[in-house]
Amino acid sequence: MVKAALFDVYGTCVDWHGGMRRAASAMLAEKRLDPSLGTDIAEGWRHRYQPAMERVRSGAEPYRPLDSLQLETLADVLDALDLSHHFGAADRARLNAAWDALPAWPDTTATLQSLKAAMPVAACSNGSVAMMERLAAHAGLPWTMLCGAELARNFKPEPEVYLKSCAALGQIPAEVIMIACHPDDLDAAAACGLRTGYVPRPDEWGTASVAPDPDPQRFDLHAATLGELVGQIVSRAH
């Protein structure tokens, strides 16, 4: 029986790509630069996301909160687009803070509230606790608890992120379901003994990446919408 739910946040619960693209485009427009480059900033940042965390996962660097890593990778993105001289330290900090002001997908908040009436719902994100607190306040995400990378001092998909999140919820992995739109996140959770629930978020992938199209049968539960998926979870919790 499922007794608690963990959620991926960036992409699954909030519109990372659209929110970051709009934030970057607005800053470019303020500077009288081409706002269409906001897409290039967002997608360049995405492509540097996993390599930055891999330096920590591999042991090459000690753990640091995600926003610290992202500030460094933003510098690389701006260099690659020949925009560095337009963005000073304050501009970069402001753009990095857009991670804390991403919009929830339209179905997220009400669906989380519905599931929270049946069981604890927790964020299991690579973002730090402080980042998740700020994002929850902005986007209206009604978490019971904030779990994820900072608990483990490492980043998904390392096993300790999922296992320590389950422990924080006071549940064994088999009693916890991980919900995400990223198949690799769910595969890693399943390898740790968690149940898995897949929901597609095709707009999460932008224009430079192809949205995954996994065989849904590889997950314990799957649905076309988050609301449908949560309905399945609740029906199996009683």
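What is the volume of the largest pocket? In this predicted model, the largest pocket has a volume of about 470 Å³. Its lining is made up of 22 residues. Those that lie nearest the centre of the pocket are R46, Y49, Q50, H182 and E204. By residue class, the lining of the largest pocket comprises nine nonpolar, seven polar and six charged residues.

Two helices, α2 (37–57) and α9 (183–191), each supply at least two residues of this lining. Helix α2 gives the most, with five residues.

The largest nonpolar core has 56 residues. Within this core, F7, Y10 and W143 are the residues with the most contacts. Helix α2 provides the largest share of the core, seven residues. Both domains take part in the core, with at least three residues drawn from each of domain 1 (4–15 + 102–237) and domain 2 (16–100).

The strands were examined next. Six strands form an open sheet in the order β3-β2-β1-β4-β5-β6, and their pairing is parallel. The edges of the sheet are formed by β3 (145–148) and β6 (221–222), each of which pairs on one side only. In general, the strands of a sheet pair through backbone hydrogen bonds, in either a parallel or an antiparallel manner. Strand β4 (residues 176–180) and strand β5 (residues 195–198) run parallel and are joined by four bridges. Within this pair, I179 has G197 in β5 as its bridge partner.

The structure also holds one cavity of 30 Å³ or more. The space in the largest cavity amounts to about 30 Å³. The lining of this cavity consists of V2, I177, R195, L221, Q232, I233 and R236. Helix α10 (residues 226–236) contributes the largest share of the cavity lining, three residues. The lining of the largest cavity divides into four nonpolar residues, one polar residue and two charged residues.

Several backbone features occur in loops. The peptide bond that joins K156 and P157 is cis, with an omega of about 10°. P157 is located in the loop between α7 (149–152) and α8 (159–169). The loop between α7 and α8 also contains R153. Although R153 is not a glycine, it has a positive phi of about 55°. The relative accessibility of R153 is 51%, and because the cut-off for an exposed residue is over 50%, R153 counts as exposed.

A positive phi is also found at R32, where the value is about 60° although the residue is not a glycine. R32 is placed in the loop between α1 (16–30) and α2. With a relative accessibility of 80%, R32 counts as exposed.

Note on methods
Residues numbered from 1 in each chain as written. Predicted model: local features only at pLDDT ≥ 70, side-chain atom pairs only at ≥ 80, totals over all residues. Heavy atoms only, no water. Pairing = 2+ DSSP bridges. 1 Å grid on protein atoms, 1.4 Å probe; cavity = no way out; pocket = protein on both sides within 12 Å on 5 of 7 lines; lining within 4 Å. Points joined across faces, edges and corners; volume = space filled by probe spheres on them. Nonpolar A, V, L, I, M, F, W, Y, C, P; charged D, E, K, R; others polar. Core = buried A, V, L, I, M, F, W, Y, C linked by side-chain atoms within 4.5 Å. Buried < 20%, exposed > 50% of the residue type's maximum accessible area, 1.4 Å probe, protein only. Domains from an automatic or database assignment.
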